[in-house]
Amino acid sequence: MTKKTSLNKTHLDSGAKMADFAGYEMPIVYSSIQEEHKAVRERVGLFDVSHMGTFLFEGPEAIDWLNHVTTNNVNKLNVGQAQYTCLPNSSGGIVDDLLIYRREALNGDDRYMAVVNAANIEKDWNWIHKHKHDRRAISINTSDQTALLALQGPKAGEVLSSLTEVSVKDIPFYHFVEGTVAGIPDVIISATGYTGSGGFELYLPADHAEQVWKAIMEAGAPHDILPCGLGARDTLRLEMGYCLYGNDIDDTTSPLSAGLGWITKLKSKGAFVGRSIIERQKEEGLKQKLVGFKVEGRRVPRKDYPILDEQGEPIGRVTSGTLSPTLGTPIGMGYVEKEQSAIGHKIQIDLGKKQLSAEIVKPPFVKV
C-alpha cells in the first residue's frame, strides 16, 4: 500500500502531479520542472521530503554503534553538527547514504539522529540493528512521526528569518540549531542542502507540517516562492554531481569508486563493517570510477545506457541523466573503466541504433 506524507492533501489542492516514489505518493511537479528548478537557483522553492526516514539513537555506546556501521568518523561530530556518511555492507558496497546529526546530550547520554533514504528505511533499520550486538544504546524509528521540509534557494534565509527568532544566517554549512518556526517549538533547522543553492531543512512533528508549510509559502510570496516537486530536486542535485541512491550508488558500488573516499575514514577511525574489503579495494586500485559527462545535442542519456569508448567498445554504464535546465544541454553521470575516466576524455552513449557523443567533465556541472 502506498504511503502518504502529512502534506498529501496540501499537494493535491495545489495541483501537484503525484506519483509513487519509494513507496510514497509524492509530488513530482507542480508547474514545470524548469520553472521550479529556476525558482530554486534564482529565488526560493519549498520541497516536501517527509518520505525520508529518521532514526534516533541515544545511550553511552550510541556513538560506538554508529561508528561501527558507517564509514565516516562520528567521533568528529560536535553538538550541532551534521555529517554525510554511508552504511557499508560486508562486500564493500553501500547499503545506503545518510546524514547523522549530533544533538544535545540528554541525562548525560549522547543523542544522534540519522536521516536515511525513503526506499531504504526498513532495510537500513534492520542492517544497523544486525550490528548492534550488546552495545548499551537505544533506538527509535521516528520516520512516520517526522515531517521534513526543504526550503532551498538564495532567498531561503530571508523567508525563514521572518518565521523564527533563530539567526538562520549564522548557521554554518552542515550545522543545525533547534528553535521555534511559525509557532512550532523544537524544530531542527539544518543547513545541509541537496540542491547546491543553499537553504535549510526543517525537521518537525508531522501533525504540524501543514501549518509550517502554509506559513513558509505566505512568507515567501514576496520572493515568488514556488512549491517544488521531486522532478526539480533531481535536476538540481544532478547539476551539482550529487549521488542518488539506487542510481549512482547501491549495494554493488564501492564508496571509493563513487568518489566518496572523503567520507571513508580509513586513517582516523578503527574497525567498521566492510573496512577490510574497502582497504583491499584501495590497495589493489579501482577498476571503475563514477564520472560526470556532457552530451552533444539534445538527446538525454538514461540510466543503464551503455557507455562506449571512441572505438565503440563498452567501458561502462550511465547511472543518471537529465537535460540541465541551467545549461540547456544534456548531462549525466556513470561508471567507466578507471583508465577511461580522465577529464576531457571523449566517450559515446549507446542508444542502440544511435550513439551520442559526450565528454567527461568534473562536477559540479554548474557554478552557483
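Modeller: Residues are called buried under 20% relative accessible area, exposed over 50%, and partly exposed in between. The model discussed here is predicted.

Colleague: Why is K346 called partly exposed?

Modeller: K346 has a relative accessibility of 36%.

Colleague: What makes E359 partly exposed?

Modeller: The relative accessible area of E359 is 31%. That value belongs to the class in between, with buried under 20% and exposed over 50%, and therefore E359 is partly exposed.

Colleague: How do you know that K346 and E359 form a salt bridge?

Modeller: Their side chains meet at 3.0 Å, N to O. The cut-off is a Lys or Arg side-chain nitrogen within 4 Å of an Asp or Glu carboxyl oxygen, so the pair qualifies as a salt bridge. It links distant parts of the chain, 13 residues apart: K346 is in strand β19 (residues 346-350) and E359 in strand β20 (residues 355-361).

Colleague: Why do β17 and β18 count as paired?

Modeller: Strand β17 (residues 314-323) and strand β18 (residues 330-337) share seven bridges in the antiparallel sense. Pairing needs at least two bridges, so these strands pair. Within them, G316 stands opposite V336 in β18.

Colleague: What makes D13 and K9 exposed?

Modeller: D13 has a relative accessible area of 57%, and K9 is also at 57%. Exposed starts over 50%, so both count as exposed. Their side chains meet in a salt bridge at 2.8 Å, N to O. Both lie in helix α1 (residues 8-13), four residues apart, about one turn of the helix.

Colleague: Why is the contact of R237 with D248 called a salt bridge?

Modeller: The closest N and O atoms of R237 and D248 are 2.9 Å apart. The limit is 4 Å, so the pair passes. R237 sits in helix α7 (residues 230-239) and D248 in the loop between α7 and α8 (275-284), eleven residues apart.

Colleague: Are R237 and D248 buried or exposed?

Modeller: Both are buried. They also join D234 in a network of salt bridges.

Colleague: How many salt bridges does the rule give?

Modeller: The count is 16.

Note on methods
Residues numbered from 1 in each chain as written. Predicted model: local features only at pLDDT ≥ 70, side-chain atom pairs only at ≥ 80, totals over all residues. Heavy atoms only, no water. Helix = DSSP H or I, 4+ residues; strand = E, 2+ residues; numbered from the N terminus. Buried < 20%, exposed > 50% of the residue type's maximum accessible area, 1.4 Å probe, protein only.
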